[in-house]
Amino acid sequence: MKKRLLAVVLSVAMTAALLAGCGAGGGTSDGNESASAEGGVQEITWMFWDDLNATEDLISKGYADVIDRFNADYEGQYHVTAVTTNLEEYYPKLNALVASNETPDVFIVSPGPNLEVYVEPGVAAPLDEYLADGWKDSFTSDAVFSQMTYDGKIYAVPLNIAAACAFYNTEMFEAAGVKVPETWDEMLDACKKLEAAGYTPITISAGTAWCLSMVAGYLCEMEGVDLAALADGSASWEDGQLESAAAKLVELSQYFQKTAAGDTNDVATANFYNEEAAILIQGSWAIAQINGSNPDFESKCGVFQFPGVERVIAKSDSIAMSSTTKYPEACIAFMKYFTDDTAQKYTAEIGGKIPVTNVEYDASKAPAQLAYVMEVFGAANGTFGFYNESMPSTEAGAYFDDLMVSVFLGDMTPAEAAADMEDFYAGNCR
């Protein structure tokens, strides 16, 4: 596999940072000793993809509480400041900070190739020595670190687990005489009946590539696409499976809201909890957004597994530490707050996500949708990752995402998309 361009850029930036030995979050651990000797407060930064002051998302509110608790408990010793943006601009802004020797001390990251681009050039620090003090034993299993481990070392810590599901308005389904679909044909039939009853069947941000890719990933799973075989060259994207999956995507898209191409993810989600559409295909992290924005909607919000597949897409929010932070002890102390009992109970009981630690929580306090998501996990025959996080590189994932948007927009046929994907893999991934 060819070296990723981003990793090369970040590697150059890291070299410059080490030579300079200064900048926000860009020094070496020697600064920790001098700060301790001076008795000053160790200031660190954490970068996140939501506005903690304006958000209605309950998970984000929980993260804000983590910051408040940490700053209060370590007043006079450590202090963290959040650097926030939105999801669409998060990685470009993070990469710009890395390149300018201003890497945040702690930053949120998605697992898989999206983390690996910070591992390869040495931007993210290995965490094994810190996890070995008993911290790692608090997690449910070593499996939660599987997509954060490279060459035997762990470079990030998971905060929660979520699944990509289909949320539905139970009242609309009942009024339209629709049952929860379990097969692809039943899904199409449900959409037809919902439309005939006067409802918009599905709301989605089709112009946000990863949202459309989430659906495409399920359709590829339905068609038997084997990412490992495609990566080693023993299978081809032109075998017909991607073409069939993309054709199904086009077929399903006739039931999207008319503004799907232009709606942001937040708008598409709001369409659902404002009862302007019957189905939202989204990750279970949307529970916090749905319930935070419209608490009264929880009672009529059901969840079902994407029909026609046996496995479920699963992922986690994760946090990494800069390898050039001046204050690693402060960073680790802060990171541990995300996985302590208080934060993990909040994750389940308020946020509606699955905890990653062995914490005991009161299921009766948790959002009703969490129980449905747990049922989806229990019924699934395993999990797999988001396609854009499961390919050999971030570039490959982004290329796939963009191709699916092109297919949706009608700029490319399913067959052309399959040929393009095969050409990209042949030239960049094998």
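Two strands are taken as paired if DSSP finds at least two bridges between them. In this predicted model, strand E1 (residues 42-48) and strand E2 (residues 78-84) meet that condition, pairing in the parallel sense over 7 bridges. Within the pair, Ile 44 stands opposite Val 80 of E2. Helix H3 belongs with these strands: E1, H3 and E2 together form a β-α-β unit that is right-handed.

Helix H3 (residues 58-73) also packs against helix H15 (residues 341-351), with the axes 10 Å apart and an angle of about 160° between them. Because angles over 145 degrees count as roughly antiparallel, H3 is roughly antiparallel to H15. The two helices cross in the right-handed sense. On the H3 side, the contact involves Leu 58, Ile 59, Lys 61, Gly 62, Val 66 and Arg 69. Their counterparts in H15 are Thr 342, Ala 343, Tyr 346, Thr 347, Ile 350 and Gly 351. Sorted by class, the contact of H3 with H15 comprises 6 nonpolar, 4 polar and 2 charged residues.

The crossing of H12 and H13 is right-handed. From H12, the residues in contact are Asp 266, Thr 269, Phe 272 and Tyr 273, and from H13 they are Gln 289, Ile 290 and Ser 293. The class composition of the contact of H12 with H13 is 3 nonpolar, 3 polar and 1 charged.

Helix H9 (residues 209-223) and helix H17 (residues 394-409) make up a further pair, in which the axes come within 9 Å and cross at roughly 90°. Since angles of 65 to 115 degrees count as roughly perpendicular, H9 is described as roughly perpendicular to H17. H9 contributes Ala 209, Trp 210, Leu 212, Ser 213, Ala 216 and Cys 220 to the contact. These residues meet Phe 400, Asp 401, Asp 402, Met 404, Val 405 and Phe 408 of H17. By class, the contact of H9 with H17 contains 9 nonpolar, 1 polar and 2 charged residues.

How values were computed: Residues numbered from 1 in each chain as written. Predicted model: local features only at pLDDT ≥ 70, side-chain atom pairs only at ≥ 80, totals over all residues. Heavy atoms only, no water. Axes fitted to C-alpha atoms, helices over the stretch in contact; angles between N-to-C directions. Helix = DSSP H or I, 4+ residues; strand = E, 2+ residues; numbered from the N terminus. Parallel < 35°, antiparallel > 145°, perpendicular 65-115°, else oblique. Left-handed = near helix turned anticlockwise from the far one by under 90°. Contact = heavy atoms within 4.5 Å. Nonpolar A, V, L, I, M, F, W, Y, C, P; charged D, E, K, R; others polar. Right-handed = clockwise from strand over helix to strand, strands pointing away.
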